[in-house]
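I opened my notebook for a first look around this structure. Come along and follow the entries one by one.

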Amino acid sequence: MSAHRRRRWGAALLGATVLASLLGGGSAHAVAGAQPVPDGTYRFNVKISFGAELACSGALINENWVVTAKSCFTTGSTAVGSGPPSQPSTVLVGRTDLTGTTGQQRGVASLTPHPDRDLVLARLSTPVTDVGPVTLAGTAPAAAETLTATGYGRTSTEWVPDRLHQGSFTVDNVAATTVGLSGASSGATLCRGDAGAPVFRENAGVATLVAVVASSWQKGCLGEVETRDGATATRVDDLAAWIGEATADVQIFGVQADRRLTYSVIDSATGDLRANRTSAAALGFAPKAMATLNENTILITDTGGTMYRVDVTGFDPLTFTATNIATGFSPYDRLTYDGYGSLYYINGNTNELYRRTVTKARPTSGADLNWTTLVSSGFAQKTITSPGAGRIMGTLADGRLLSYRIYGNGANAWTVGELAKTGWAAPTHLLSPGGGVYYARTSAGRLDRYRDANPFNGSGSDIAAFPNDPVSTSGWDQVLLSARPWTGLVSVFGAKPDGRLSYTAFDPVTGEKRVTTVSAQTLGFAPKAMATLNSDTLLVTNNGNLYRVDITGTDPLTFTRTAERIGGGWTHDRLVYDGFGSLFGQAGGVLHRYTVTKAKPASASADITGNTIVIDSGFGVPSLAATGQGRLLATTSGGILAAYTIPATGPWSRVDPASSGWGGVTSLFSPGGGHYYRRDANGVVTGWLDASPYNGSGTDLTAYVPAGSASTGWDPLLSALPYDSWPDSTRRW
């Protein structure tokens, strides 16, 4: 970093403020008079960048979460709220020397502020699995105890140090939520850039986190003239329960017989129950069915058929408001939401399954639950849940556990897989947030847990049960239960002419972009065609050569490419993958079909087999997408939108959902579920929604451009991750 750059950055930090000043003293945003930390030591330290000019310190507490001060995510008096940060934010984890390349960089996906302390948890865009987190201390700091603080902020001689520094501090006083500190080692103080820095004790080389820095007088910091000494840090030693609840990934809402709302939090990895609360207030109606849309929005119907939107306004204590938004739901007694925009419900009188599309995170009327579709009859499940996009699971009275893939209505509207023939008669409720995590509640109030290694393969042979380690053996006495879905994203990879790759992820309901990044590295060639197999595997062609690209990170975007081609003769103009094992390629006017037999093909001849010519001429389409199993969508030079059905055996068929209006499309992509996106020659992508994508009609095809999804600058070569691909690491809470 140049001296000029250091001065400018340091000056910018000088204007940053930190809340909770010590004794009304100066603000603190590093460790002056400190010792540089040796490489590879205290790798749990984090440097946080908020916007263009504010930098802080923090600590990794598990692979998904960082703890720091609230003041690290605001540049003024605006309170830090739950949800995405107000400015783009990144963290560097495990990089002691900032001029090096060790450690990991991640974006900050969302914030969870503590209600009463200068403390916030920052969830990372993707997990950090190669850096050990710091553990929380279990005992309070004691007066005169010596603790260590580490940070990336200013020192007594440097505006912006290039490496992590450490200092020893003595505990001066201990309050209910804070601890007072003063330098124990020579000249140790805390400066700008150290807000949120970890304060920890060491025992036999093991660090345990006691507090994070909140404020300091900054005595001895470069450029400061303050003579007063000392700093304040926010205690975390007594926050294990709050942090455990905030970082757990399964939320379940329920309604008791007395109509009070319940809220439970479970850690999916261990099955530990982290929180269990009941509201003091009761619903003002008799509830019949419920579905959870997101972390604070629930849909509940009453026995008279009115649907209410229940907004959770607080979690501890549990509080809520209820708003009447629609009517006409009286016969429907089972509801579930898949997290991708589809609300499913069953008519208890006719056993008919319906689907509606949710177009807002918080629907305000029936118009926001749009495009009602009758899927089919014969759905007599006792209880249903959704394990992913366009999927529901259900238990039957005869003990079977079934998994359904819902495509729309009409012929081939759904398929079913039998996960278990017996053993599932007892559960009164079946719950899944997604990701192959299942919960079953019995009439005795027991909640069991299960893990499906591949929830999309239609088989139950890989479902692991934990009969000796349930979530709870009793106490689950709710009459209704619903899990918050791990809402997934539309994930799109792009390729630039110079060989760089891009990655964009956005919410399929709101269109809100969550990640937008471009790789620094290149493929080493100009790509011609690209298909996404799963969340970390692409196939890319160049000059007839086929390469496998392994995505190693999406924020920032990093990848490796097979040094040698995995196949030759791949002269296709377009490649698409349907998520079910079929790779389609268009070469000239010919459409080919291949079978992909491995998640990461090592050889095209061995792992991408069965070159079948589906259409032998006339298939010179300018854009091509896969919309589901054996389903393709294409545009023609004449502006027609054509949908192809290509069964495993037998002839293919074509219908045209639109006879005009689809000219000038340079790229077409779809993750499935009736979500279509098209790019024009100006690099603008817009979205369309097909409420029933397999019914052969375009009457329910609607331009659907939720705020945020339409934008410019999209790459000429685009490929969406199919909703049905597995493994899929993008599905997170």
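**Aromatic rings.** I began with a group of rings: Phe-329, Tyr-332, Tyr-345 and Tyr-354 make up one aromatic cluster. I kept in mind that this is a predicted model. Then I asked how many aromatic pairs the structure holds. My count came to 30 aromatic pairs.

I looked up one of these, formed by Trp-570 and Tyr-594, and noted that the pair is tilted. The rings lie 4.7 Å apart, centre to centre, with 35 degrees between the planes. Where in the chain do Trp-570 and Tyr-594 lie? I found Trp-570 in strand S44 (residues 567-570) and Tyr-594 in strand S47 (residues 590-596), so the pair ties together parts that are 24 residues apart in sequence.

Next I turned to Phe-669 and Tyr-677, an aromatic pair that is stacked. Here I wrote down 5.5 Å centre to centre and 15 degrees between the planes. Phe-669 is buried, and Tyr-677 is buried as well.

**Charges over rings.** Which ring does the charged end of Arg-391 sit over? I traced it to Phe-456, with the charged end of Arg-391 at 4.3 Å from the ring centre.

**Disulfides.** I reminded myself that a disulfide is a covalent bond between the sulfur atoms of two cysteines. Searching the whole structure, I found two disulfides.

One of them joins Cys-56 to Cys-72, with 2.5 Å from S to S. This pair links distant parts of the chain, 16 residues apart: Cys-56 is in strand S4 (residues 54-62), and Cys-72 is in the loop between strand S5 (65-68) and strand S6 (89-93). The link of Cys-56 and Cys-72 is left-handed, with -105 degrees about the S-S bond. Are these cysteines buried or exposed? Cys-56 counts as buried because its relative accessibility is 1%, and Cys-72 counts as buried at 1% too.

I then looked at the disulfide that joins Cys-191 to Cys-221, S to S 1.8 Å. Cys-191 is in the loop between strand S13 (189-190) and strand S14 (198-203), while Cys-221 is in the loop between strand S15 (206-216) and strand S16 (231-235), 30 residues apart. I noted -95 degrees about the S-S bond, and this link of Cys-191 and Cys-221 is left-handed. Cys-191 and Cys-221 are both buried.

My last entry is the pairing: with the bonded cysteines numbered in sequence order, it reads 1-2, 3-4.

Definitions and conventions: Residues numbered from 1 in each chain as written. Predicted model: local features only at pLDDT ≥ 70, side-chain atom pairs only at ≥ 80, totals over all residues. Heavy atoms only, no water. Disulfide = S-S within 2.5 Å. Helix = DSSP H or I, 4+ residues; strand = E, 2+ residues; numbered from the N terminus. Buried < 20%, exposed > 50% of the residue type's maximum accessible area, 1.4 Å probe, protein only. Phe/Tyr/Trp six-rings, centres within 6.5 Å; stacked < 30°, edge-to-face > 60°. Lys NZ or Arg CZ within 6 Å of the ring centre and 35° of its normal.
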